[in-house]
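Please look over this model with me.

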Amino acid sequence: MSGRVETAGRWGLVAQSPAPLRARFARNRLAIAGLSVVVLFLIFCFIGPLLYSTDQTHTDLTQVNLPPSAAHWLGTDAVGHDQLGRLMYGGQVSLLVGLTAGVLATVIGTVWGAVAGYAGGWVDAVMMRVVDAGIAIPALFILLVVSAITSPGTPGLIVILGLVSWLVPSRLVRAETLTLKNRDYVLTLRATGGTHGRAIRRHILPNSVSTIVVAATFQIADAILLVAYVSYLGLGVQPPKTDWGGMLSAGLTAAYSGRWWLIVPPGLAIILVVCAFNAIGDGLRDAFDVKGRG
């Protein structure tokens with residue numbers, strides 16, 4: 001019995017078996033559809049090039065702006081690149097940057113918010129004023145300025161996105177920490193000589209896992225959109241690399257000439273993936289919401 005109480009005290013609301021969580025998530029059809037879309041795009045972008053090999057480095061001016069055909073399923077672009085193969089390679093950059101930057105932003109925001117909420121007092125006030133100042137400046141504006149100055153590659157975009165996107169997760173985790181730090185199991189740990197770091201690692205963060213996981217899914221969706229914005233304006237990864245936003249930018253003028261295959265596929269890819277991650281985030285939030293269920 002004592003071990004059971006200790007487990008409940010340590011993990012709080014998140015001390016649930018994975019099976020009920022999975023069952024609650026599985027009941028959300030929209031979330032399952034979103035997860036299926038993400039998995040399909042991961043297979044398409046990272047395994048697809050192994051089955052549908054194309055040259056995305058060299059140009060071929062004899063194959064320019066060809067419509068979809070048996071030889072090129074989604075046609076070719078203005079320099080002769082196969083559009084289906086380019087959609088795969090562009091998706092690799094968009095998904096890699098979005099996933100990694102979203103996780104990085106969540107990690108930074110989690111640490112910042114947990115420390116601020118647990119410390120309280122003037123430390124919390126100073127740290128959260130930094131967050132308020134950062135939120136007052138649009139992340140897209142900061143990203144555009146930095147991208148224009150440095151012309152970052154894929155690693156640079158990941159770091160920049162992570163550094164401009166951690167503010168919202170930090171506020172969410174801080175709010176969770178403020179409610180958790182006065183719980184009996186945290187006060188007991190402190191009374192028995194436990195350090196602040198131990199309290200955060202063993203109690204605050206594990207009990208904030210639902211907030212952290214849900215925030216991460218929304219951060220990934222936001223990061224994919226930010227990458228598309230920046231690349232659409234020509235400040236993302238540089239040729240011969242591309243991403244879905246860069247493909248949209250390259251195909252914009254061609255759309256007026258009826259070459260829909262240059263703009264519709266990457267546009268649909270961005271919409272589907274972003275909506276899918278948002279649906280997953282909603283499903284995870286509902287699955288973790290113990291108090292919200294009747």
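The points below cover the basis of the model, a surface patch, a pocket and the salt bridges.

1. **Basis.** This is a predicted model, in which local features need pLDDT of at least 70 and side-chain atom pairs count only at pLDDT 80 or more, while totals for chains, interfaces and linings use all residues. Residues are numbered from 1 along each chain as its sequence is written, and side-chain values use heavy atoms, leaving out hydrogens and water.

2. **The nonpolar patch.** L35, V39, L40, L42, I43, F46, I47, L50, L51 and L96 make up a nonpolar patch on the surface. Together they have about 950 Å² of accessible area. That area comes from the Shrake-Rupley method with a 1.4 Å probe, and for residues only the protein chains shown count as cover. A patch takes residues with over 30% relative accessible area and no salt bridge; nonpolar side chains (Val, Leu, Ile, Met, Phe, Trp, Tyr) are joined within 5 Å, like charges within 9 Å.

3. **Where the patch comes from.** α3 (29–46) and α4 (48–51) each supply at least two of the patch residues. The largest share, six residues, is from α3. Helices are DSSP runs (H or I, at least four residues), numbered from the N terminus. I43 sits in helix α3. Its relative accessible area is 41%, so I43 is partly exposed. The scale is simple: buried is under 20%, exposed is over 50%, and partly exposed is in between (1.4 Å probe, protein chains only).

4. **The second largest pocket.** Its volume is about 440 Å³. A pocket is an open set of points on a 1 Å grid over the protein atoms alone, where a 1.4 Å probe fits, with protein on both sides within 12 Å along at least five of seven lines. Points are joined across faces, edges and corners, and the volume is the space filled by probe spheres set on them.

5. **The pocket lining.** Lining residues have an atom within 4 Å of a point. There are 25 of them, and R86, T242, G246, M247 and A250 lie nearest the centre of the second largest pocket. α5 (83–119) and α13 (244–255) are the elements that give two or more residues to this lining. α13 gives the most, with seven. By type, the lining has nine nonpolar, twelve polar and four charged residues. Here Ala, Val, Leu, Ile, Met, Phe, Trp, Tyr, Cys and Pro count as nonpolar, Asp, Glu, Lys and Arg as charged, and the others, Gly among them, as polar.

6. A salt bridge needs a side-chain nitrogen of Lys or Arg within 4 Å of a carboxyl oxygen of Asp or Glu. The count is five. One of them joins R174 and D124, with the closest N and O atoms 2.8 Å apart. R174 lies in helix α9 (residues 167–180) and D124 in helix α6 (residues 121–136), so the pair ties together parts 50 residues apart in sequence. R174 is partly exposed at 24%, whereas D124 is buried at 9%. D132 and R171 also meet in a salt bridge (3.9 Å, N to O). D132 is in helix α6 and R171 in helix α9, 39 residues apart.

7. R285 and D282 form a salt bridge (2.7 Å, N to O). Both lie in helix α14 (residues 264–288), three residues apart, about one turn of the helix. Elsewhere, salt bridges with shared partners join R129, D132 and R171 into one network.
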